[in-house]
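In these entries I record what I looked up in one structure.

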Amino acid sequence: MTFHGGSDVDDVLDAMEYAAYVKDVQHIILDNMQFMITRNNVSSGKWGGNSHFDKFDMQDVAIEKFRKFATDKNVHLTLVVHPRKEDEGTKLGISSIYGGAKATQEADTVLILQVDGRRKYLDVKKNRFDGTLGHCPLFFQRKSGRYAEQLEVGASAAKIVKKEVVAPRKESRKEIKSSSMNTPKKSYPRTSYDDILDQFTPNK
């Protein structure tokens, strides 16, 4: 599907139905909700002929149609909705999602991309299946150009670690072990992101 800018929801649904029936597509991503809805559809009568429909009413009607499509066709539908204008550094919640409450009420799962200034992580705010909520850290992988759950360790980092372990002069293994045990460990201040990573670190 190659829709750009304001697109008619019914046209998008027709393309989605064709992809699900002919191509056997099981996961569709719509990015994003705000650009998909255009006010021109109101005057054309596609929204019940009510010229008093505002953009939030139009969004609610579109979400209702997408919810029905996902249920009837048994297709996983991921809908991207941008947040409201919030103060910089404010943690987003369900009420931060742009539009009416129908967007989160009809959804089975609500994932919010959080940014704390240094790191990014996914915040699971709703889970209709079993109610499990939590966080998932995201690290940028330079080789693939994608975000992943694990930190990428490159070849350069491995060389640095190797230089720190190898002694600069010939010493016995006993001397190296003794010096490493007496070396004080550096302490760093904890951040909120460290608390998130602790949830994904197995207990020793």
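**Entry 1: a pair of helices**

I note that H1 and H4 are roughly parallel to each other (angles under 35 degrees count as roughly parallel, over 145 as roughly antiparallel, 65 to 115 as roughly perpendicular and the rest as oblique). I looked up the axes of helix H1 (residues 9–22) and helix H4 (residues 55–73), which come within 11 Å and cross at roughly 10°. Here axes are lines fitted to C-alpha atoms, for helices over the stretch in contact, and angles run from 0 to 180 degrees between N-to-C directions. Helices (H or I, at least four residues) and strands (E, at least two) are DSSP runs, numbered from the N terminus.

On the H1 side, the contact is made by Val9, Asp10, Leu13, Met16, Glu17 and Ala20. On the H4 side, Ala62, Lys65, Phe66, Phe69 and Lys73 take part. Contact means heavy atoms within 4.5 Å. I sorted these residues into 7 nonpolar, no polar and 4 charged. In this sorting Ala, Val, Leu, Ile, Met, Phe, Trp, Tyr, Cys and Pro count as nonpolar, Asp, Glu, Lys and Arg as charged, and the others, Gly among them, as polar.

**Entry 2: basis and confidence**

I note that this is a predicted model, in which local features need pLDDT of at least 70 and side-chain atom pairs count only at pLDDT 80 or more, while totals for chains, interfaces and linings use all residues. Residues are numbered from 1 along each chain as its sequence is written, and side-chain values use heavy atoms, with hydrogens and water left out.

The protein chain has a mean pLDDT (the predictor's confidence in each residue, from 0 to 100) of 76, and 64% of its residues reach 70 or more. Where is confidence lowest in the protein chain? I found the lowest mean, 40, in helix H6 (residues 155–165), and the highest, 94, in strand S2 (residues 76–80). Over residues 155–168 pLDDT stays under 50, and the model has 1 contact beyond four places in sequence for them.

**Entry 3: the sheet**

I traced an open sheet of 4 strands in the order S3-S4-S5-S6, with antiparallel pairing. Two strands pair if DSSP finds at least two bridges between them. Strand S3 (109–115) and strand S6 (146–148) are the edge strands, each pairing on one side only. From one strand to the next, the twist averages 35°.

S3 is joined to strand S4 (residues 120–127) by 7 bridges, and leucine 111 has valine 124 as its bridge partner in S4. These two strands form a hairpin with 4 residues between them, and glycine 117 in the turn has a positive phi of about 105°.

S4 and S5 pair over 5 bridges, with aspartate 123 opposite histidine 135 in S5. Their hairpin has 6 residues between the strands, and glycine 131 takes a positive phi near 80°. Strand S5 (residues 134–141) is joined to S6 by 3 bridges; glutamine 141 has arginine 146 as its partner in S6.

**Entry 4: backbone details in two loops**

I looked up aspartate 24 in the loop between H1 and S1. Its phi is near 60°, a positive value in a residue other than glycine. A cis peptide bond joins aspartate 31 and asparagine 32, with omega about 5°. Asparagine 32 is found in the loop between strand S1 (27–31) and helix H2 (33–36).
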